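Reader: I would like a close look at one part of this model, taken slowly and kept to what can be checked. Please start with the aromatic side chains and go on from there.

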Amino acid sequence: MSRGFLLVISGPSGCGKGTICKKILERNEKLVFSVSATTRMPRRGEIDGVNYFFINEERFNKMVEKDEFLEYANVHGNLYGTPKKFVLEQIEKGEIVILEIDVQGALQVKESYPEAVFIFLLPPSMSELKNRIKKRGTETDKDIDIRLKNAFEELKFIDEYDYIVINDKIEEAVRKN
Ligand code: 5GP
């Protein structure tokens, strides 16, 4: 059986990564989603073990010590990491594993898995990005500012990616993937 591979998707908060990943997964049986661990508090409607593994900092640090993450990073003031075991098992099984992670994490994956495919998702404009985050209604004004500031920082690394997809209309962006 041939080995699977990693599909890394990054992009600013609010550009529609979550929606796109969900739709690509619905269309492809060969794709599996890697559920990350995070110290961020769950948003309304988020389910532990589905959207994220919501854990505290102590537990997160223990996982770091035990080398249980493929990559991890501090994003917008919270810790996020990709549990290694699941990803490696799925690749062995021949699956394509989607990692929806930030730029710092993507760069770490590139070090260990240069053969992974890297996609950067962009909103049509920064003002549209702000609208989308506001519309989501899950972040405070301070958090929105942090996320927008980080969006500009993340853009500096766009050259590291294999594909850039502008998420103008969600349906079209899914088809392009
Ligand atoms: P959110 O809090 O909006 O769910 O995610 C915030 C940011 O963290 C997003 O850019 C998302 O891609 C990133 N992220 C989610 N999981 C991981 C992970 O396991 N590792 C890294 N490095 N970033 C992650």
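**Aromatic rings and the ligand site**

Author: Y52, F54 and Y80 together make up one aromatic cluster. The model is a predicted one, and the distances below are computed from it.

The side chain of S36 has an N or O atom 2.6 Å from an oxygen atom of the ligand. For R40, a side-chain N or O atom likewise lies 2.6 Å from a ligand oxygen. E71 faces a nitrogen atom of the ligand, with a side-chain N or O atom at 2.8 Å. On its own the ligand has 510 Å² of accessible area, and the protein covers 96% of this. The ligand sits in the largest pocket.

Back to the rings. With centres required to lie within 6.5 Å, the count is seven aromatic pairs. In one of them, F69 and Y72, the ring centres are 6.0 Å apart and the planes meet at 45°, so this pair is tilted. F69 is buried, at 6% relative accessible area, whereas Y72 is partly exposed, at 38%.

One ring also has a charge over its face: K110 lies over F118, at 5.7 Å from the ring centre.

How values were computed
Residues are numbered from 1 along each chain as its sequence is written. This is a predicted model: local features need pLDDT of at least 70, side-chain atom pairs count only at pLDDT 80 or more; totals for chains, interfaces and linings use all residues. Side-chain values use heavy atoms; hydrogens and water are left out. Rings of Phe, Tyr and Trp (its six-membered ring) pair if their centres lie within 6.5 Å; planes under 30 degrees apart count as stacked, over 60 as edge-to-face and the rest as tilted. Buried means under 20% relative accessible area, exposed over 50%, partly exposed in between (1.4 Å probe, protein chains only). A charge sits over a ring if NZ of Lys or CZ of Arg is within 6 Å of the ring centre and within 35 degrees of the ring normal. A polar contact is a pair of N or O atoms within 3.5 Å; within protein, one must be able to donate a hydrogen and the other to accept it, and residues adjacent in sequence count only if both atoms are side-chain atoms. Accessible areas come from the Shrake-Rupley method with a 1.4 Å probe; for residues, only the protein chains shown count as cover. On a 1 Å grid over the protein atoms alone, a cavity is a set of points where a 1.4 Å probe fits but cannot get out, and a pocket is an open set with protein on both sides within 12 Å along at least five of seven lines; lining residues have an atom within 4 Å of a point. A molecule sits in a cavity or pocket if more than half of its atoms lie within 2 Å of its grid points.
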